[in-house]
Structures are given as structure tokens and as C-alpha cells.
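I opened the notebook to record what I looked up, one topic at a time.

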Amino acid sequence: MTMSAGWYLRRLSRMGPREVGGRAGDAVRRRRWRAAPPDCPDVTGARFTAPLPAGTLAEVPPDAVKRLTAEADRLMDGHAEFFGVERDDLADPDWSYDPKTGRRAPQVYAFDVPYRDEEAVGDIKQIWEPSRHQYLTVLAAAYAVTGDERYAERVAAHLRSWWAANPPLRGVHWTSGIELGIRLLSWVWIRRLLDGWPGAAGLFEDDPVARRQIWHHQRWLAAFPSRGSSANNHVIAETAGQFAAACAFGWFPSSARWRTDALRSLERQLRANTFGSGLNRELATEYHGLVLELGLAAVAEADAAGVPVPASVRLVLLRMTDALAAVVDNRLRPPRQGDADDGHGLVVDGTGTDRWASLLATGDALFGRLAWWPEVTGTDVRTPLLAALVRPYPGSGAAPAVSRPASRPDRFADAGMTILRGPEEIWCRCDGGPHGFLSIAAHAHADALSVEVRHDGVDVLADPGTYCYHGQPAWRRYFRSTLGHNTLQLDGADQSVSGGPFLWTRQARTRVLAADPSGDGVARWSAEHDGYQRTVHRRRVELTPASRELRIVDEVRGTGRAARLAFHLGPAIAAELTGNRAVLTWTGDGEDRSAVLDLPGGLSWRAHRGESDPPLGWYSAGFGRKEPATTLVGTGFADGTAEFTTVLRFHG
């Protein structure tokens with residue numbers, strides 16, 4: 001989509017003076033670089049000095065090796081899947097081509113590329129994702145664990161192809177800092193994993209084209225950091241990639257300064273992006289995972305290079321790891337909250353490796369698991385590699401000597417998240433937190449007071465997900481809308497006001513009134529928000545373990561409004577709606593399961609599934625993928641004292 005003049009004005013209104021000044025300076029620098037791009041200095045004697053310690057690869061579990069090599073062989077055959085699009089051209093990719101739309105991004109001065117305009121460029125995510133080169137880290141890891149030089153030779157051919165097709169400051173791959181940062185981190189790990197291959201030095205430190213690319217990536221990141229209202233997960237990726245490259249490829253006159261500046265920024269931004277409780281401030285779970293992966297990779301790089309890291313960096317990563325262990329359900333699935341685009345910091349594993357189990361396994365190896373942590377039974381490649389680089393620290397293994405939760409946290413007051421748990425692995429997330437992070441809340445959804453309910457890891461009342469960012473505005477609006485979540489919509493409007501696909505111009509304020517997740521016999525939570533001016537929506541949730549009953553009470557106080565109450569069922573749930581009662585059935589672990597959902601009688605209920613005009617009744621398991629799912633919508637009028645009660649009863 002193209003951005004209108006109105007969007008630019010709305011975006012400008014969310015910036016402070018310092019950010020405006022910084023962006024003005026960026027604009028001047030872009031014009032100057034068009035006429036006189038910076039030159040990479042000549043260097044001699046470059047060496048790579050941060051390989052994996054001897055014996056590391058022997059620690060990779062055999063089943064993880066099997067998954068990795070199966071994925072690598074698929075890649076060698078040219079097959080890959082990015083955001084729901086199957087590709088068969090990865091043997092010799094066109095780096096500017098979008099197979100989804102058939103369009104090709106123009107090869108012009110980078111800052112002239114209209115990358116938000118799908119008509120001109122194609123689906124930008126489809127173009128960018130292969131060029132993060134994380135499929136090449138998979139191939140490099142396959143070489144490392146097998147010694148099969150076919151993998152290394154393919155990696156080398158693709159890197160040289162990419163470097164030739166994307167000279168510095170030309171084309172779509174030089175437009176976004178997060179892409180450059182993640183790509184640098186991939187290159188560091190490719191060099192490390194190929195260290196036993198005779199051609200490794202010739203591919204990197206002995207090749208002036210490679211050195212030029214590495215230098216220009218770092219020079220770009222030093223010149224154009226994400227600023228102010230955009231300093232979210234993007235700035236973490238930028239600084240982590242910059243820091244990793246300045247440690248591993250510290251061959252340039254500016255390397256020491258880049259390393260120091262990137263570490264200073266990484267420390268500051270990790271703290272700024274993370275609540276004291278350890279949850280990510282964007283309140284978008286997949287970005288919690290992305291930031292944690294990037295932070296762990298940066299610490300590993302620092303230790304490999306002998307660069308001291310402030311204790312606060314490890315403390316944030318430790319708290320993030322403990323918070324992740326606390327919020328996952330019994331299947332190690334975290335909440336599906338906020339935006340999600342399947343972004344990863346470091347990929348060295350094959351398909352079938354559980355991302356969240358892998359992160360917890362790494363946390364166990366680096367910090368030590370607590371007694372209340374859930375058991376992690378899966379295996380992965382990444383954990384032993386990172387653990388081999390991170391040096392032990394005084395105190396509890398690799399962890400700083402800090403206080404950690406003695407029991408499993410279920411309330412994260414600063415993030416407004418409360419987890420209610422019941423028997424038979426009933427799991428319920430209640431959302432009473434801020435509307436995202438920073439003034440634009442880029443990755444927030446209008447989901448105040450929404451709930452998410454699972455039974456033994458199966459989505460029963462589901463958060464539908466994200467599906468898309470650019471190019472499909474109707475779908476983007478739906479998946480981040482109030483109607484697209486398990487909460488109450490008034491007068492057909494969202495609780496917060498959107499100013500664009502990554503911009504909210506007015507944000508609902510939410511206040512948790514009570515939270516007692518471990519109450520005597522009944523777990524309780526209640527909160528309210530002011531998103532509908534002159535009308536307050538208040539919600540109470542009660543989970544009674546003895547009766548396996550979840551009760552949701554919605555109150556409307558103030559001006560009467562037209563109301564729509566939505567409950568989105570997971571894709572595995574079949575629903576038979578009769579009047580205001582829905583019988584839910586599904587299969588879990590080979591057993592038939594069921595529940596009854598008694599809906600408020602004061603509303604008129606309909607089931608919606610797979611509707612497109614307008615969108616309603618969908619579930620997105622991952623970015624670019626969607627499937628029909630049942631959404632129950634009750635329509636009616638909420639006067640100034642309305643109360644709607646919903647009861648979900650799980651059968652034994």
C-alpha cells in the first residue's frame with residue numbers, strides 16, 4: 001500500500017522533537033550518500049578468531065541433527081516455504097522477486113524504493129525473508145554437523161550471488177535496518193559454522209567483496225538507527241547484528257567504535273523494551289521470542305570475543321526467560337498476543353523443532369532452570385552451540401546472582417497479563433495491559449480485556465493471530481481489530497483508533513481492578529478500559545477449578561451503545577449453536593473432548609466461518625497463513641447498565 005499525506009501527518013504527530021530532528025538528519029544523509037556514497041577502507045590481515053570450541057558439535061543431539069539435515073536436503077533441492085508460499089526456486093534464487101504477486105522490486109538507489117507499495121514492489125515480506133539468509137545458516141549448520149561440502153558450496157554460491165545482485169545502497173535489501181541487522185548475524189554464524197571448510201576464509205575475510213558488504217552493512221546501521229517511536233524490536237535487531245559483526249568481523253578502523261556504541265545501545269534498548277517482570281513491552285509474544293533470541297546471540301558473541309557485557313543485559317535476558325517459562329501452557333505454547341510475523345533471530349534448526357522449547361532449553365543451559373519451570377523434552381541444535389560460547393559466571397552457573405521467582409508467577413502487573421490455570425490443563429490469559437509500546441504502539445491490537453482459553457494446549461477461545469502486514473489492508477484491519485478478538489465491541493468501532501497499519505493515534509487505557517489467580521477455590525480477574533469515550537467496558541473473569549467452569553461477565557457503564565460480543569474458536573473446535581448455547585467438540589491426544597458455551601441471552605447470536613466481505617471467522621497459525629474457524633458473534637444493544645454473562649463449562 002502507498003502511504004497518504006494524511007498518514008505522514010498522523011505519523012509526524014506521534015514523534016517528539018528529538019525524533020523529528022534525527023529523522024531530518026537521516027534525510028540529509030540519504031541525499032548526501034546518493035551523490036557520494038561512503039567508501040569501504042582497505043584492510044589487510046583480516047582473520048576470523050571466534051570459531052566454536054572443540055567438541056561442541058558432538059553435543060548436538062542425534063534427533064536434532066536428523067531434523068536439520070532433512071531440512072537442509074529440502075533446501076538443496078530448491079524447496080522452501082515462506083509465509084505460506086511454497087517456493088521451488090531456492091537452488092538459484094532471484095533476490096528481488098516476489099513469487100506471491102509475480103512482481104520484482106526495482107534495482108534503484110535504496111532510499112528511492114517504495115517498499116510499502118505492493119503494486120510497485122510486490123509483497124515486501126516475501127522478498128526480504130530469504131535475504132535474511134537464515135536458510136543459509138541452516139545449510140551451514142548442516143555442513144558443520146556432517147562435513148558434507150555440498151552444503152558449504154551452496155552457501156558460498158548463494159552469498160556470492162547475493163553480494164553481486166545487491167551492491168551497497170542499491171535495491172530493496174538496503175531499505176530497512178532490521179533486515180541488515182539480522183542478515184549480519186546470519187553471516188557471523190555462517191562463517192563460524194563453515195570454519196572447518198577450506199573455502200571459508202576465501203568466502204569472507206579474504207574476499208574484498210565480502211568485506212565491503214560487511215562494512216557497508218555496519219556503516220548503514222550506524223548511520224540510520226531506528227529512532228524514538230520506532231525504537232521497538234527493530235532497534236534490538238539492528239544493535240544485536242551490529243554488535244555481533246563488530247565482534248566477529250572486527251577488521252575495520254571503525255570496528256571498536258561500532259562495537260562500543262552497539263553494546264551501549266543494546267543494553268539501553270533491552271531495558272527499555274522489557275518490563276521489570278520480564279515480558280516484552282510490545283505485548284506481542286513473538287517479538288518477545290525474537291528479542292530474547294537476539295539478546296542471547298549477542299551475549300554469546302561478546303563472550304566469544306572476550307568483550308565485557310554489562311550485568312544488566314544478562315539480567316534482562318534472565319527475566320525474559322523466566323517470564324516465558326511462567327506464561328506458557330502445558331504444551332509450552334505462549335500467549336498469542338499482538339502482532340506476529342514468524343521473525344527469528346538465529347536459525348540453525350530444522351523444521352519440527354519447537355521454538356519455545358528451544359528457548360527454554362537455552363535458558364536452562366545458560367541460567368539454570370527453576371523448580372517450577374515446565375519440563376522441556378525436545379532437543380535442538382542451537383542450545384549446545386550458544387551454550388558453548390557463553391562463559392560461566394560467578395553465582396549460579398552462567399547467571400548473574402539475582403533474585404528469581406520462588407514459585408511460578410501468574411500475574412504480571414506491569415504488563416497487565418494474568419494467567420488463570422485449572423485442572424486438566426485449563427489455561428486462560430486475561431489482557432488488562434497497556435495498548436502496546438511507544439507512541440505508535442506499532443504491533444498492538446485493539447484487544448483490551450480479551451481472553452484466550454486453552455484446554456491441554458488446544459485453542460478453545462482463540463486469539464485469531466495476525467496473518468499480514470502490508471498489501472491487504474482489509475485483512476490487516478480485521479486481525480488487529482476489536483471484533484477480531486474475544487472482547488466487546490461498541491458502535492462498530494475499535495477501542496483504539498488506528499492511523500495506519502502500524503500506527504494507533506488514540507490508545508485505550510486499561511486498568512486492572514482485581515487479580516487473584518490462585519484464589520481460594522475460585523481464580524478471579526477483573527479490569528476495565530476507557531476506549532469508548534463516555535462509556536466504560538468492565539470485564540470480570542472467574543475460573544472455578546472444581547467445576548471446570550469459566551465465567552465471563554461484561555458490564556457496560558455510561559452511554560448506551562450498539563454492542564457486538566465475539567468469541568473466536570480455535571480451528572480444531574467444532575461448534576453447534578442453538579439459540580444462545582454452543583456445544584463445542586474437538587479431539588485432543590486422540591480423545592474426544594467437549595464443552596458447553598452458554599452465551600448471554602440478551603444478545604442475538606450467529607456463527608460465522610470463513611467470511612471474506614467483510615472478513616470474519618478466521619484463524620492465522622502463522623504469518624501469511626489463514627484458515628476458516630468459527631466465530632460466535634452476539635449482537636444487540638448495551639444500555640448504560642448492561643451486563644452480559646458467558647459461561648464455559650468443560651466436560652470431564
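**Entry: source of the coordinates**

I am working from a predicted model. I kept that in mind throughout.

**Entry: aromatic rings**

I started with the aromatic side chains. How many aromatic pairs does the structure hold? I found 24 aromatic pairs. I picked F249 and W251 from these, and their rings lie 4.9 Å apart, centre to centre. The planes make an angle of 45 degrees, and I logged the pair as tilted.

Are the two residues buried or exposed? F249 has 0% relative accessibility, so I noted F249 as buried. W251 is buried too, at 12%. The cut-off for buried is under 20%, so W251 falls inside the class.

**Entry: charges over rings**

Next I looked for charged groups placed over rings. R192 puts its charged end over the ring of W189, with 4.7 Å to the ring centre. I also noted R355, which lies over the face of W356. There the distance to the ring centre is 5.0 Å.

**Entry: a surface patch**

Which residues make the nonpolar surface patch of about 260 Å²? I listed L9, L12 and V20. L12 lies in helix α1, which covers residues 5-13. Its relative accessibility is 42%, so I put L12 down as partly exposed.

**Entry: A304**

I moved on to A304. This residue is in helix α13, residues 285-305. A304 is partly exposed, with 23% relative accessibility. The cut-off for buried is under 20%, so A304 does not count as buried.

What does A304 touch, once residues up to four places away in sequence are set aside? I found A50, R192 and L389. R192 was already in my notes for its place over W189. I also looked up the spacing from A304 to L52. The two are 252 residues apart along the chain, and their C-alpha atoms are separated by 8.6 Å.

Q269 sits in helix α12, which runs over residues 255-272. Its relative accessible area is 12%, so Q269 is buried. I set aside neighbours within four places in sequence. Q269 is then in contact with A231, V235 and I236.

G276 is in the loop between α12 and α13. With neighbours within four places left aside, G276 is in contact with R319 and D414. I also looked up G276 against G363, 87 residues apart along the chain. Their C-alpha atoms are 18 Å apart.

**Entry: salt bridges**

I counted 52 salt bridges. I looked up three of them in detail.

The D341 to K125 bridge came up with its closest N and O atoms 2.8 Å apart. D341 is in the loop between α14 (311-327) and α15 (355-367), and K125 is in helix α5 (residues 124-128), so the bridge ties together parts 216 residues apart in sequence. Are D341 and K125 buried or exposed? Both are buried.

E542 and R524 also meet through their side chains, at 3.8 Å from N to O. This pair links distant parts of the chain, 18 residues apart: E542 is in strand β15 (residues 535-544) and R524 in strand β14 (residues 523-529). E542 is partly exposed at 26% relative accessibility. R524 is partly exposed as well, with a relative accessible area of 40%.

The side chains of D598 and R581 form a bridge at 2.6 Å, N to O. D598 belongs to strand β20 (residues 591-598) and R581 to strand β19 (residues 581-588), so the pair ties together parts 17 residues apart in sequence. How do the two partners score on accessibility? D598 is buried, with a relative accessible area of 16%. R581 is partly exposed, at 42%.

Which residues do salt bridges with shared partners join into one network? I wrote down D329, R333, R429, E452, R454, D459 and D463.

Notes: Residues are numbered from 1 along each chain as its sequence is written. This is a predicted model: local features need pLDDT of at least 70, side-chain atom pairs count only at pLDDT 80 or more; totals for chains, interfaces and linings use all residues. Side-chain values use heavy atoms; hydrogens and water are left out. Rings of Phe, Tyr and Trp (its six-membered ring) pair if their centres lie within 6.5 Å; planes under 30 degrees apart count as stacked, over 60 as edge-to-face and the rest as tilted. Buried means under 20% relative accessible area, exposed over 50%, partly exposed in between (1.4 Å probe, protein chains only). A charge sits over a ring if NZ of Lys or CZ of Arg is within 6 Å of the ring centre and within 35 degrees of the ring normal. Patches are made of residues with over 30% relative accessible area and no salt bridge: like charges are joined within 9 Å, nonpolar side chains (Val, Leu, Ile, Met, Phe, Trp, Tyr) within 5 Å. Accessible areas come from the Shrake-Rupley method with a 1.4 Å probe; for residues, only the protein chains shown count as cover. A salt bridge is a side-chain nitrogen of Lys or Arg within 4 Å of a carboxyl oxygen of Asp or Glu. Helices (H or I, at least four residues) and strands (E, at least two) are DSSP runs, numbered from the N terminus. Contact means heavy atoms within 4.5 Å.
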